[in-house]
Amino acid sequence: MVRISHILSVCFLAFCFVSCNNGAPPLKPIVEYDYWGDEVIFNDTDRNLSIELLGPDGTNRTITLAPAAKDTLKIPVLIHKIEACIQNSSELRISSEGSLLAKFVKEEKWLTDYEYEELEHAVTINGKTWIEDDPWPRYKYHINEGLISSGAI
């Protein structure tokens with residue numbers, strides 16, 4: 001008799017849980033991202049630039065920017081997904097027409113002249129949209145003649 005009442009109690013609680021949750025908003029999903037944030041690099045010069053980013057693990061990435069052009073790099077979150085961006089690079093080299101113009105090595109001060117903004121980031125799953133708790137960081141770097149001359153070789 002005790003066993004039957006125990007089973008009935010469990011069934012009743014399960015029924016209440018299911019019926020009460022039908023009207024509740026769905027729980028916010030946990031989403032794992034490969035990237036969280038981005039960097040926008042602007043070429044504010046009148047020449048073609050080649051920007052080489054050297055990662056601390058030996059990876060490198062080269063970006064070619066025409067005058068007044070820009071490129072957007074994603075900032076990787078996961079350690080196993082290494083992609084060079086300014087935030088995780090150990091060295092940055094700026095060249096034009098095969099000639100090295102400037103070199104920056106990551107130290108205490110690392111390209112501190114940038115714009116920073118935080119954007120609202122939403123995720124939509126099965127037609128439902130949630131706003132992430134943490135804002136999406138965006139760094140904007142302007143490569144101009146002043147920056148090039150400060151890292152000139």
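This is a predicted model: local features need pLDDT of at least 70, side-chain atom pairs count only at pLDDT 80 or more; totals for chains, interfaces and linings use all residues.
Reader: Let's start with sheets. How do strands of a sheet pair?

Author: The general idea is that strands pair through backbone hydrogen bonds, and they do so either parallel or antiparallel. Now to the case here.

Reader: How many bridges join β2 to β5?

Author: Strand β2 (residues 49–54) and strand β5 (residues 91–96) are joined by 5 bridges, and the two run antiparallel. To find one yourself, go to Leu 54: its bridge partner in β5 is Glu 91.

Reader: Okay, and what is the strand order in the open sheet with mixed pairing?

Author: That sheet also has its strands listed in order: β4-β1-β10-β7, 4 strands with mixed pairing. At the edges stand β4 (70–76) and β7 (114–119); each has a single partner strand, so one side of each has no neighbour in the sheet. On average, neighbouring strands of this sheet are turned by 20° against each other, ignoring direction.

Reader: How do β1 and β4 run, parallel or antiparallel?

Author: Antiparallel, with 6 bridges joining strand β1 (residues 35–43) to β4.

Reader: Let's pick a single residue. Is Asp 38 buried or exposed?

Author: For this one you need a cut-off: buried means under 20% relative accessible area. Asp 38 has 6%, so it counts as buried. Asp 38 sits in strand β1. Skipping neighbours within four places in sequence, Asp 38 is in contact with Thr 72, Leu 73, Lys 74, Ile 75, Trp 136, Pro 137, Arg 138 and Tyr 139.

Reader: Now the pocket. What volume does the largest pocket have?

Author: About 180 Å³. With a pocket, check the lining next. Here the lining residues include Ile 86, Phe 104, Leu 111, Asp 113, His 142 and Ser 150.

Reader: Which element gives the most to the lining of the largest pocket?

Author: That's β10, with 3 residues. Both β10 (136–143) and α2 (145–150) supply at least two residues each.

Reader: How do the lining residues divide into nonpolar, polar and charged?

Author: The lining of the largest pocket has 6 nonpolar, 4 polar and 1 charged.

Key. Residues are numbered from 1 along each chain as its sequence is written. Side-chain values use heavy atoms; hydrogens and water are left out. Two strands pair if DSSP finds at least two bridges between them. On a 1 Å grid over the protein atoms alone, a cavity is a set of points where a 1.4 Å probe fits but cannot get out, and a pocket is an open set with protein on both sides within 12 Å along at least five of seven lines; lining residues have an atom within 4 Å of a point. Grid points are joined across faces, edges and corners, and a volume is the space filled by probe spheres set on the points. Ala, Val, Leu, Ile, Met, Phe, Trp, Tyr, Cys and Pro count as nonpolar, Asp, Glu, Lys and Arg as charged, and the others, Gly among them, as polar. Axes are lines fitted to C-alpha atoms, for helices over the stretch in contact, and angles run from 0 to 180 degrees between N-to-C directions. Buried means under 20% relative accessible area, exposed over 50%, partly exposed in between (1.4 Å probe, protein chains only). Contact means heavy atoms within 4.5 Å.
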